[in-house]
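This briefing covers pockets, a helix pair and a domain assignment. The reader may wish to keep the sequence and the model side by side while going through the points.

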Number of protein chains: 2
Amino acid sequence: MNYLFDFYQSLLTSKQKSYMSLYYLDDLSLGEIAEEYEVSRQAVYDNIKRTEAMLEQYEEKLLLLKKFQERKEIYEKLRACVAYAENSDEAVALIEALEKSD
Amino acid sequence: MNYLFDFYQSLLTSKQKSYMSLYYLDDLSLGEIAEEYEVSRQAVYDNIKRTEAMLEQYEEKLLLLKKFQERKEIYEKLRACVAYAENSDEAVALIEALEKSD
């Protein structure tokens, strides 16, 4: 869920982002989030469950996480492949640039 | 717009997809699409304009096209970089695999 949040958080509302971030990244409990936002624990729970479903639907449609994981393996193979090339440093820098823009 | 459609069409409804595909890929006129779907030319126009705005919003948020274009340049540099490496064929095959999963 952390990965999905990473890939698709820009498509969420700011409230959805806050709840998800507090719950998954900062490890707050539903009760603590509810207290902070002065809403019921159930409201927080429902919002997070709906957001999780949304993130999964985005992944089903766009497959960004799946493709990223596929490419991660290829980066490793490519890194091994260029390790002993004459301009290996340049190649490795380019592979890193690819990974960063992923 | 063709590129944006390519990247984000999975997020559109089937009607949005049909209109966009007929208009942009098959090069039909608004009038021809209207006739085929038995709706007004204005309805087709409005739907397409709304869809275009949606695609642009998705791109603003996810930047898939922008990142793809950045990576395309890096692929070219990487290809040049490994051209004379001993296992150049293997490296090129891996770069192609990356491009395909993009």
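How many residues of domain 1 of chain A are in contact with how many residues of domain 2 of chain A? In this predicted model, 4 residues of domain 1 of chain A are in contact with 4 residues of domain 2 of chain A.

**Domains of chain A**

- The domain assignment of chain A places residues 2–62 in domain 1 and residues 66–101 in domain 2.
- Taken over C-alpha atoms, the centres of domain 1 of chain A and domain 2 of chain A are separated by 33 Å.

**Largest pocket**

- The largest pocket holds about 560 Å³ of space, and of the 26 residues that line this pocket, A:F7, A:L64, B:L62, B:L64 and B:K67 are the closest to its centre.
- Two or more residues of the lining of the largest pocket come from each of α1 (2–8), α4 (41–62) and α5 (64–82) of chain A, and likewise from each of α1 (2–8), α4 (41–62) and α5 (64–82) of chain B.
- Sorted by class, the lining of the largest pocket comprises 11 nonpolar, 5 polar and 10 charged residues.

**Second largest pocket**

- The second largest pocket has a volume of about 160 Å³, and its lining is made up of A:A80, A:C81, A:Y84, A:A85, A:E86 and A:N87 from chain A together with B:C81, B:Y84, B:A85, B:E86 and B:N87 from chain B.
- By class, 7 nonpolar, 2 polar and 2 charged residues line the second largest pocket.

**Helices α3 and α4 of chain B**

- The axes of helix α3 (residues 30–37) of chain B and α4(B) come within 8 Å and cross at roughly 110°; angles of 65 to 115 degrees count as roughly perpendicular, and α3(B) and α4(B) are therefore roughly perpendicular to each other.
- On the α3(B) side B:L30, B:G31, B:I33 and B:A34 take part, and they meet B:R41, B:V44, B:Y45 and B:I48 in α4(B).
- The contact of α3(B) with α4(B) has, by class, 6 nonpolar, 1 polar and 1 charged residues.

Definitions and conventions. Residues numbered from 1 in each chain as written. Chains lettered and ligands numbered in written order. Predicted model: local features only at pLDDT ≥ 70, side-chain atom pairs only at ≥ 80, totals over all residues. Heavy atoms only, no water. 1 Å grid on protein atoms, 1.4 Å probe; cavity = no way out; pocket = protein on both sides within 12 Å on 5 of 7 lines; lining within 4 Å. Points joined across faces, edges and corners; volume = space filled by probe spheres on them. Helix = DSSP H or I, 4+ residues; strand = E, 2+ residues; numbered from the N terminus. Nonpolar A, V, L, I, M, F, W, Y, C, P; charged D, E, K, R; others polar. Axes fitted to C-alpha atoms, helices over the stretch in contact; angles between N-to-C directions. Parallel < 35°, antiparallel > 145°, perpendicular 65-115°, else oblique. Contact = heavy atoms within 4.5 Å. Domains from an automatic or database assignment.
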